Amino acid sequence: MADYAETPMIVNAVDGAVDYKGRPASRSDFGRWRSATFIIGVEVSERFAYYGISSNLVTYLTGPLGQSTAAAAVNVNAWAGTAMLLPLLGALVADSFLGRYRTIAMASLLYILGLGLLTLSAMVPSLSGYDCETNTNSSCSSTQLQVVLFFLSLYLVSFAQVGFKPCAQAFGADQFDSQDPVECKAKSSFFNWWNFGSAVGSTVAMFIVTYIQDNLNWALGFGTPCIVMVIALVVFLLGTTTYRYSIVQNEKSAFVRIGSVFVATFRNRQRTPPSSTLPSEVEADHGSEQFKFLSRAFLAPNHHLQEDNSACCIADVEEANAVLRLFPIWGTCLINGMVIAQSSTFFTKQGATMGRTIGSDIQIPAASLQCFIGITTIVIIPIYDFIFVSIARAFTRKPSGITMLQRIGIGTSFFALSMVVAALIEKKRLKIAKEYNLVDRPSVTIPMSVWWLVP
């Protein structure tokens, strides 16, 4: 890209954004919904690929790989946990070195490689001269090569999440200028439609991919997400000339800046700076009052407050304050993660014991029952974005209708309610199993008509 400082001024340019040639990005020609649509399309495909694997993974582990339900649940959760934690590394790489666009592109290639190897691992039994039934709950033996190749490819997919999780949604948000009133409202709606696209991708995968895996074969079931990810990469690259790219400043990354604040605070833990000598900006800022101990980061090794390379600046300390304020939210989200993990493990195995036959020939895969999560999101988001937000804006005068913290609180309340309902259903399921002597026979299907016979 050309040097931003040497490019001519463009009328109505977006502050802090350039086009694909490094020139200041014109508001009318780059970004906004045209560019965001490409990125949402990529998100639909990526969620299709991810849930095409994760939603039915416990069935594959307990079936073709012959693992116990407990061991399979541990492996599923370990893999999902890795995919959730690694994006912290991806954010560091994107912010400090590659940028979001390049990180997403490289993650897509890694995704395709992982899915391709996953497909190959499912083909190993046939290539080795033996096969096993995949449309039942019975297990079969697997070769060491298949197991090693499977887990290698599975964790390649989790490494691909390094690029997608922290970058794709943020890159989509970069297409809207928060300083512009019209684009600020559009940016708020973008997050809603981002979740809508995510729900569409995951729901379609639960219908189509799980049916292929349960009724045809696992190689095709893993190969379908691979093909979809190839299409996703093509779609993403097609939007290259329309995107707005954030200008990368020549400064230390946020991880380094925030880390240096905590290091300096720990180093000066036994020293207390006099409040009269603190920078006036700190005294006036309410956020700094919340974690006063971080003010020790202003102290230089010579015991004096100064703004040089040996002491942290005000902006760095404020960033560290902001991170600490996020910890209560992260803590509560851990509980939400525990709830979400149930759908792809215990709930799927629970669904395998239920009657899922429609008519005389069609049987719904147990993993497809997770689609109700996505269907609910698909139905609720248009109502929320077009109706609720419009009404809320009239009362709160906020572009987003309600605050992000209020959204999180409402969502957490629904999580709690869902687990109460799940507990009541499980209680009734176990009662039916005991009355029909099915407790020691977990593979026996309980017809839906029997469920309602027990109060």
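Start by selecting Pro87, Gly90, Ala91 and Ala94 in helix 4, which are buried. The model on screen is a predicted one. Look down the axis of helix 4: the buried residues fall within an arc of 105°, so they line one face of the helix. Now select Leu88 and Phe97, which lie on the other side of helix 4 and are exposed.

Next, show all of helix 4, residues 87-98. Its 12 residues place the end C-alpha atoms only 14 Å apart, short of the 16 Å that a straight helix would reach at 1.5 Å a residue. Step just past helix 4 to glycine 99, where phi is positive, at about 85°.

Turn to the charged side chains. Side chains of opposite charge can pair when their charged atoms come close. The model has seven salt bridges.

Select arginine 23 and aspartate 19; the closest N and O atoms of this salt bridge are 2.9 Å apart. Which of the two is buried? Aspartate 19 is, with a relative accessible area of 1%, while arginine 23 is partly exposed at 33%.

Then select arginine 27 and glutamate 183, a salt bridge with its closest N and O atoms 3.3 Å apart. This pair links distant parts of the chain, 156 residues apart: arginine 27 is in the loop between strand 2 and helix 1, and glutamate 183 is in helix 7. Arginine 27 is buried at 14% relative accessible area, and glutamate 183 is buried at 4%.

Finish at glutamate 46 and arginine 47, a salt bridge with its closest N and O atoms 2.7 Å apart. Both residues are buried.

How values were computed:
Residues numbered from 1 in each chain as written. Predicted model: local features only at pLDDT ≥ 70, side-chain atom pairs only at ≥ 80, totals over all residues. Heavy atoms only, no water. Helix = DSSP H or I, 4+ residues; strand = E, 2+ residues; numbered from the N terminus. Expected span 1.5 Å × (residues − 1). Buried < 20%, exposed > 50% of the residue type's maximum accessible area, 1.4 Å probe, protein only. Arc of directions from axis to C-beta. Salt bridge = Lys/Arg side-chain N within 4 Å of Asp/Glu carboxyl O.
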